[in-house]
Amino acid sequence: MPWSGAKPQLFVMMENIQKALTKYWGYDSFLPLQKQAMECISRGTDSIVVLPTGGGKSLCFQAPAVTMQGLAVVVSPLISLMKDQVDTLTECGVSAMRIDSSMSASERDSVIARINEQSLKLLYLSPERLLSDGFVDFLKKTKLSFIAIDEAHCVSMWGHDFRPEYRQLGSLRQIFPDVTIAAYTATATEQVRSDIAQQLRLKNPQMLIGSFDRPNLVYKVRPRKSIVKQVCAVLDRHKGESGIIYCIRRKDVDSMCYQLAVKGYSVAPYHAGMTNEDRKNNQEQFINKKVDTIVATIAFGMGIDKSNVRYVIHTGMPKSLEHYQQESGRAGRDGLEAECCLFYSGSDYGIWKSLMSDMPEEARKIAMIKLSGMYSYCTGGVCRHKAILRYFGQDLNKDNCGACDMCLGELDFIDDALITAQKILSCIARLDQRFGGSYTALVLTGSEDKRIIENDHDKLSTYGLLSDYSKHIVHDWIEQLIGQDYIEKTGEYNVLNITEKGWRVLKGKETPRLLKPVERPVKVSRVITDSWEGVNKGLFEALRKLRSIIASKKKMPAYIVFGDAALRDMARRRPSTLDGFLEVKGVGEAKCEQYGEVVLAAIKDYCQANSLAMDVEV
Ligand code: ADP
Ligand code: MG
Ligand code: ZN
């Protein structure tokens, strides 16, 4: 009997956590690394937990906080993030509150009273509030279970979102020498991680680093042609669902927003040129589902924990894969399928490059490397999941991800890629490696452009070698060859040079991949079919309407009442009893008590009206 006698303390603590998971959150299992992260807190080991967006970082500290004695302090950079988490916890029946600058003195006093009563389990604070003199003294007299630092990359200057107030968190270790500190971030770079450990003065922290892959995101990349049409095609695949459209510049936001509104889409703009008031309004409308789609610059997104964003569209290329991962990562936080579409053009590269021209030399070099990395991603011809992971130094251990345009076979490669690439490369050689991509494409397609005639390039043996194709197609191929390192762009004018690898192609020793120019119909990813398996869509829609009624009555975002995953599980199991309802993933005791009756009634009505079986085993 291994556990007769006194049980090890950690074992008991983890058992309690498991029970809390079912009781409050309605979950029956851990997501990857959640258990290990909770064990660190339970054992009193400092930790840095790196999990992608949607990886379930909040639960790593929320569940231990509920089961441990004392108060857990959670540091968060934005009021909107604190509010979202506190509302979510309250809905689950967990005792959590926040203190922030938007609250009145009496509201703050009532939080202090709750802490003094020792009935509060989690307190959310900004770093400045936590470290203010009076508050430190107060907390020193309070029993703390541990301190969690969310969005911990904000302490690092190397991160994408450095916040000076976060820097001061370094003094926590000294103020609370015996309290465990746990830091959480989705940032993937090694440099930021070690900076976090150092800045926060963590004691031998356990590093828990998850896979950065987001298997539920379906990545698609297309050259930009008629962008409004391309965007509408995506929106039409997601009628009534929430999503974000990112544009590079403010004026692109305004123009895209206008054109979509005219066509009757439910959209609102967001960029730094608008008043705070307007921005805040539009953000709230989006979060509360009064508008489906927000059209924004990258000023939008930080502090948005909305879990049911079903698509993120980029109408231009971001300046790095870090940015792309961050922005596209706002889709599908709930683990359900979501689509990330990127429309790029060679001119985006030029725009970024000229914007970077003012940067100090060192910084500009790094920025340019990142920009090229991003561009190769667009033109590269490699599985998108694999390409992103590789960029962050991880590997995807499957050949077909089943969730990107490459692996879904939406893109076709041409059969005679070797010969076509040789034609392109030898034309670059004949032009003495002194011209850019568009000029080279013109020569290859046999254009009668004035410059070509003047330069006598219509006399070259490679002139018109690819005249069966349009100059756009040939230009795309050139970009694809750049993406695969057969050609590089050099100098101020992006002059094409043949690389070592390129010369191997000319000798027939290596074959590049070139995409077929035709657009093929969009395929449905397996990710999508799986997560809808057994779900009655009509009932799902009915429940969605009910959720939206409840949410607006409670003045709360719909996804806090029930996540999309929970709604789908209801429409799959179709329970007839409260016990059956508790089986639904994402339904804990508090939600069952609060909404059980209404939801069961709605399910019953729908099932009877449509002769649907209830209490389905899954
Ligand atoms: P992160 O902070 O890492 O981006 P969140 O903490 O916001 O992620 O969680 C993302 C989503 O995953 C939420 O909708 C949450 O309810 C869900 N989730 C977290 N843990 C689990 C679990 N063990 N089982 C099922 N869903 C979970
Ligand atoms: Mg989070
Ligand atoms: Zn793939």
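Let me start with helix 24 (537-554), which gives the largest share of the lining of the second largest cavity, 4 residues; helices here are DSSP runs of H or I with at least four residues, numbered from the N terminus. This is a predicted model, in which local features need pLDDT of at least 70 and side-chain atom pairs count only at pLDDT 80 or more, while totals for chains, interfaces and linings use all residues. Residues are numbered from 1 along each chain as its sequence is written, chains are lettered from A and ligands numbered from 1 in the order in which they are written, and side-chain values use heavy atoms, with hydrogens and water left out.

Helix 26 also supplies at least two residues of that lining, which includes Leu567 and Met570. Both of these residues are among the buried ones of helix 26, where buried means under 20% relative accessible area with a 1.4 Å probe, protein chains only. After helix 26 comes Arg574, with a positive phi near 50°.

Now to the metal: which residues coordinate the zinc ion (ligand 3)? They are Cys383, Cys401, Cys404 and Cys407, each through SG, at 2.3 to 2.4 Å, donors being N, O and S atoms within 2.8 Å of the metal, or 3.2 Å for Na, K and Ca. Cys383 lies in the loop between helix 16 (361-379) and helix 17 (384-391), and Cys404 in the loop between helix 17 and helix 18 (417-430), so the pair ties together parts that are 21 residues apart in sequence. Cys383 is buried, at 9% relative accessible area, and Cys404 is buried too, at 0%.

Terms used:
Buried < 20%, exposed > 50% of the residue type's maximum accessible area, 1.4 Å probe, protein only. 1 Å grid on protein atoms, 1.4 Å probe; cavity = no way out; pocket = protein on both sides within 12 Å on 5 of 7 lines; lining within 4 Å.
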